[in-house]
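Please keep the sequence and the model in view while reading.

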Amino acid sequence: MNRESDQFIALLTSAQPVLHGYVFSLLGDETAARDVLQETNLTLWHKADDFVEGTSFPAWAAKVAYFHVLRWRRKVP
C-alpha cells in the first residue's frame, strides 16, 4: 500500500455511514442496502484513480451508489 491508497481507504471508511444511510433511504431494505453498499465499495475501489483529489468524496461516492441502486431496482422486482 502506498500513501495514496491509505488516503483513499480513509476517505472510503469515513464515508460508510453516510453512504449506507443514503442507499438505505433509496431502497428501504437493510439487506438490500448492505448488498448495494458492498457493490458500491468494490466499484469505488476499482475506480479510485478516477477520484479527483480536492473534490467531495461523499458526493462522488453517492453518485456511484445511486447507479448501483438503479441497477439493483432493475434486477429485483
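Helix α1 gives the largest share of the lining of the largest pocket, 5 residues. Helices here are DSSP runs of H or I with at least four residues, strands are runs of E with at least two, and both are numbered from the N terminus. The model is a predicted one, in which local features need pLDDT of at least 70 and side-chain atom pairs count only at pLDDT 80 or more, while totals for chains, interfaces and linings use all residues. Residues are numbered from 1 along each chain as its sequence is written, and side-chain values use heavy atoms, with hydrogens and water left out.

**The pocket**

The volume of the largest pocket is about 290 Å³. Its lining has 11 residues, of which Glu-4, Ser-5, Phe-8, Ala-48 and Asp-49 are the closest to the centre. A pocket is found on a 1 Å grid over the protein atoms alone, as an open set of points where a 1.4 Å probe fits, with protein on both sides within 12 Å along at least five of seven lines; a lining residue has an atom within 4 Å of a point. The volume is the space filled by probe spheres set on the points, which are joined across faces, edges and corners. Sorted by class, the lining holds 5 nonpolar, 3 polar and 3 charged residues. In this sorting, Ala, Val, Leu, Ile, Met, Phe, Trp, Tyr, Cys and Pro are nonpolar, Asp, Glu, Lys and Arg are charged, and the others, Gly among them, are polar.

**The nonpolar core**

Which residues touch the most other members of the largest nonpolar core? They are Phe-8, Leu-19, Val-23, Leu-27, Leu-44 and Phe-57, out of 20 residues in this core. The elements that give two or more residues to the core are α1 (3–27), α2 (30–46) and α3 (57–75). Of these, α3 supplies the largest share, 8 residues. A nonpolar core is a set of buried Ala, Val, Leu, Ile, Met, Phe, Trp, Tyr and Cys residues joined through side-chain atoms within 4.5 Å. Buried means under 20% relative accessible area, exposed means over 50%, and partly exposed lies in between (1.4 Å probe, protein chains only). In soluble globular proteins, nonpolar side chains tend to be buried together.

Apart from neighbours within four places in sequence, Phe-8 is in contact (heavy atoms within 4.5 Å) with Leu-44, Trp-45, Ala-48, Phe-51, Phe-57 and Trp-60.

**Residues of helix α2**

Leu-37 lies in helix α2 and counts as buried because its relative accessible area is 9%. Beyond residues up to four places away in sequence, Leu-37 touches Gln-16, Leu-19 and His-20.

With neighbours within four places in sequence set aside, the contacts of Thr-40 are Ala-61, Val-64, Ala-65 and His-68.

Thr-43 is found in helix α2 as well. Outside the four places on either side in sequence, Thr-43 is in contact with Val-64 and His-68.

**Salt bridges**

Side chains of opposite charge can pair when their charged atoms come close. A salt bridge is counted when a side-chain nitrogen of Lys or Arg is within 4 Å of a carboxyl oxygen of Asp or Glu, and the count is 2.

| Salt bridge | N to O distance |
|---|---|
| Arg-34 and Glu-30 | 3.2 Å |
| Glu-39 and Lys-75 | 3.9 Å |

The second pair links distant parts of the chain, with Glu-39 in helix α2 and Lys-75 in helix α3, 36 residues apart. Glu-39 is partly exposed because its relative accessible area is 27%, while Lys-75 is exposed at 52% relative accessibility.

Arg-34 and Glu-30 are 4 residues apart in helix α2, so about one helical turn separates them. Arg-34 counts as exposed at 51% relative accessibility, and Glu-30 as partly exposed at 29%.
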